[in-house]
Amino acid sequence: MSKYVKDLVTRDIKNRLEGVADAVVVSYVGMDVNKTNELRSELAAKEINLMVVKNSLARRATEGSSLAPAFEGAGGQIAVCWGASDFVSLVKEVVRLDKDEDKFAEFSADGGVMDGERLDADGLKAVSKWPSREEQISMLVGQILGPGATLNGALLGPGKTLNSQIKQKGEGDE
């Protein structure tokens, strides 16, 4: 590959990854075209981008950025995944696809970068067990509404009991 072509490809990778802070590096070597297209469509349904890159060009393109640690020690043909609603959702989906040996046996999550820190495959599996953004919001709302529901029950409980007793006494007078 000529220096001119390398520079063009490097610039293209840099432009496509501009603004991306967290990403996952995956290997897909050995997948046929149909499986690759199926994989891309599953990722696209979750708003996840997949870009195939040569590791040396990816290292050049991300040099000095927060994504640079993701490509340290990467070898061969790799792909970069980024997107989804948050990084945890991205990792959960990639790890789920990695575990699917029936459909995507050749697909594997090799590592990634989160907040400028390199993650290996085990680190990705650990992150995939974290609650996603939506799950965290749900837990927070539950914690906010919990005390109000308890207070409501405490206030209404004795009132209902008193109302029932008054109603019983009232029915006896008729």
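**From labels to numbers**

Reply: Let's begin with glycine 64, which follows H3 and has a positive phi, near 85°. This is a predicted model, in which local features need pLDDT of at least 70 and side-chain atom pairs count only at pLDDT 80 or more, while totals for chains, interfaces and linings use all residues. Residues are numbered from 1 along each chain as its sequence is written, and side-chain values use heavy atoms, leaving out hydrogens and water.

Me: What makes H3 a helix, and which of its residues are buried?

Reply: Helices are DSSP runs (H or I, at least four residues), strands are runs of E of at least two, and both are numbered from the N terminus. H3 spans residues 55–62, so it qualifies as a helix under that rule. Its buried residues are Asn55, Leu57, Ala58, Ala61 and Thr62; buried means under 20% relative accessible area, exposed over 50%, and partly exposed in between (1.4 Å probe, protein chains only).

Me: How do you know on which side of H3 they sit?

Reply: They cover an arc of only 160° around the axis, so they are on the same side of H3. The arc is that of the directions from the helix axis to the C-beta atoms. These buried residues pack against helix H1 (3–16), S2 and S3, where contact means heavy atoms within 4.5 Å.

Me: What makes S1 and S4 a pair?

Reply: Two strands pair if DSSP finds at least two bridges between them. S1 (residues 23–27) and S4 (residues 108–114) are joined by 5 bridges, so they pair, and they run antiparallel. Valine 26 has alanine 109 as its bridge partner in S4, and alanine 79 as its partner in S3.

Me: Why are S2 and S5 called edge strands?

Reply: The open sheet has 5 strands in the order S2-S3-S1-S4-S5, with antiparallel pairing. Strand S2 (48–54) and strand S5 (117–120) are the edges, as each pairs on one side only. From one strand to the next, the twist averages 25°.

Me: How is the direction of helix H2 set against that of S2?

Reply: Axes are lines fitted to C-alpha atoms, for helices over the stretch in contact, and angles run from 0 to 180 degrees between N-to-C directions. H2 (residues 33–45) packs on the sheet, touching S2 and strand S3 (77–83), and its direction makes about 135° with that of S2.
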